[in-house]
Amino acid sequence: LVCNADESEPGTFKDRLLIERDPHLLIEGIMIACRALQSNWSCIYIRGEYAYPYICLKHALDECYAKGYLGRGIFGSSFNLDIVIHRGAGAYICGEESAALESIEGRKGEPRLKPPFPAVVGLYGCPTVINNVETLATIPWIINNGGAEYAKIGTSKSTGTKLVSASGHINKPGVYEIEMGYPVKQFIEEECGGIWKGRKLKALIPGGSSVNVLRAEDLEGVNMDYESLRDAGSSLGCAGFMVLDDTTDMVQAGLNLAHFYAHESCGQCTPCREGAHWVEKI
């Protein structure tokens, strides 16, 4: 089992908060998942820039080993489990699951050709399950309360809750756990405290910088769930919720993002290696 904690999508910081504030919740989720998979080894691949979260996670793992929650013969059973942390080196591409596997194995972080998929041939050639921090941290609640209870939250197709990294021109930026289906405009006004300095909403990037930008007029009747945002022409993605007010220069914002993708291209594929730089220059 690999936990993907390489949270490198611009505008996203929910996994960082989980690791800093409650690392044991993540570790418990990993332990449950490993028990279900009969996996005796797990790796947490954490973003290189996350120095303090790494310290929090390492301290929590040390506590688990000291108390006997991890190691050999856990609580007198025949089940063994070791969890290791692998620190990245600041590469955006390693947020992609197979590039993370390449990095863990000591090679340059580049996505693998699929098939085979990681569930068939993954880390060190073994079948590998890869999930992010938020997914694994949800497991303990579901185990305690049941899948049916979790499914009651949210919408019929987008069940449960979502952690939203809200930033930009709002009065109360931060991480919010919301029920799926929360109206976007209501979320901005009631949770995020509205647009700062009394200005008007111009645009929204709802799911991290990889998703399409939505104009203010596109948000009427749009909710915070996968289906609603897809129908609106964008995506919930990793819920990197970036709000832009009416003073924003959208060309400058686009250039900022174009520069990021040009700089972070791993250089494996021609359209990105060449195209990302041309987009920035244009």
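Me: Start with Arg273. Which residue does the side chain of Arg273 meet in a polar contact?

Reply: This is a predicted model, where local features need pLDDT of at least 70, side-chain atom pairs count only at pLDDT 80 or more, and totals for chains, interfaces and linings use all residues. Residues are numbered from 1 along each chain as its sequence is written, and side-chain values use heavy atoms, with hydrogens and water left out. A polar contact is a pair of N or O atoms within 3.5 Å; within protein, one must be able to donate a hydrogen and the other to accept it, and residues adjacent in sequence count only if both atoms are side-chain atoms. At 3.3 Å, side chain to side chain, the partner of Arg273 is Glu274.

Me: Which helix holds Arg273, and which residues does Arg273 touch beyond four places in sequence?

Reply: Helices (H or I, at least four residues) and strands (E, at least two) are DSSP runs, numbered from the N terminus. Arg273 belongs to helix α10, residues 270-281. Contact means heavy atoms within 4.5 Å. Leaving out residues up to four places away, Arg273 touches Ser265, Gly267 and Gln268.

Me: Is Arg273 buried, partly exposed or exposed?

Reply: Buried means under 20% relative accessible area, exposed over 50%, and partly exposed in between (1.4 Å probe, protein chains only). Arg273 has a relative accessible area of 31%. Therefore Arg273 is partly exposed.

Me: How are α9 and α10 oriented to each other?

Reply: Axes are lines fitted to C-alpha atoms, for helices over the stretch in contact, and angles run from 0 to 180 degrees between N-to-C directions. Helix α9 (residues 250-264) packs on α10 at about 155°, with the axes 8 Å apart. Angles under 35 degrees count as roughly parallel, over 145 as roughly antiparallel, 65 to 115 as roughly perpendicular and the rest as oblique. So α9 and α10 are roughly antiparallel.

Me: What is the handedness where α9 passes α10?

Reply: A crossing is left-handed if the near helix is turned anticlockwise from the far one by less than a right angle, and right-handed if clockwise. From α9, Leu255, Ala258, His259, Tyr261 and Ala262 meet Ala276, His277, Val279 and Glu280 of α10. The crossing is left-handed.

Me: Tyr261 sits in that contact. Which side chain makes a polar contact with the side chain of Tyr261?

Reply: Look in the loop between β8 (201-205) and β9 (214-215), where Ser210 is found. Ser210 is partly exposed at 48% relative accessible area. Beyond four places in sequence, Ser210 touches Glu9, Tyr92 and Tyr261. The side chain that reaches Tyr261, at 3.0 Å, is that of Ser210.

Me: How do α2 and α3 lie, oblique or roughly parallel?

Reply: Pro23, His24, Leu26 and Ile27 of α2 meet Cys56, Leu57, Ala60, Leu61, Glu63 and Cys64 of α3. The crossing of α2 past α3 is right-handed. Helix α2 (residues 23-37) and helix α3 (residues 51-67) pack at about 60°, their axes 9 Å apart. That makes α2 and α3 oblique.

Me: Which side chains make polar contacts with the side chain of Lys14?

Reply: Lys14 lies in helix α1, residues 14-21. Lys14 counts as buried at 2% relative accessibility. Its contacts beyond four places in sequence include Asn132, Lys162 and Cys238. At 3.0 Å, one polar partner of Lys14 is Asp15; the other contact, also listed at 3.0 Å, is with Glu134.

Me: Which backbone nitrogen does the side chain of Ser98 reach?

Reply: Ser98 is in helix α4, residues 97-104. With 1% relative accessibility, Ser98 is buried. Glu110, Pro111, Arg112 and Lys114 are its contacts beyond four places in sequence. The nitrogen, at 2.9 Å, belongs to Arg112.

Me: How many disulfides are there?

Reply: A disulfide is a pair of cysteine sulfur atoms within 2.5 Å. The sulfur of buried Cys192 is 16 Å from the closest cysteine sulfur, in Cys238, so too far for a bond. For partly exposed Cys272, the closest cysteine sulfur is in Cys266 at 6.7 Å, again too far. The count is zero.
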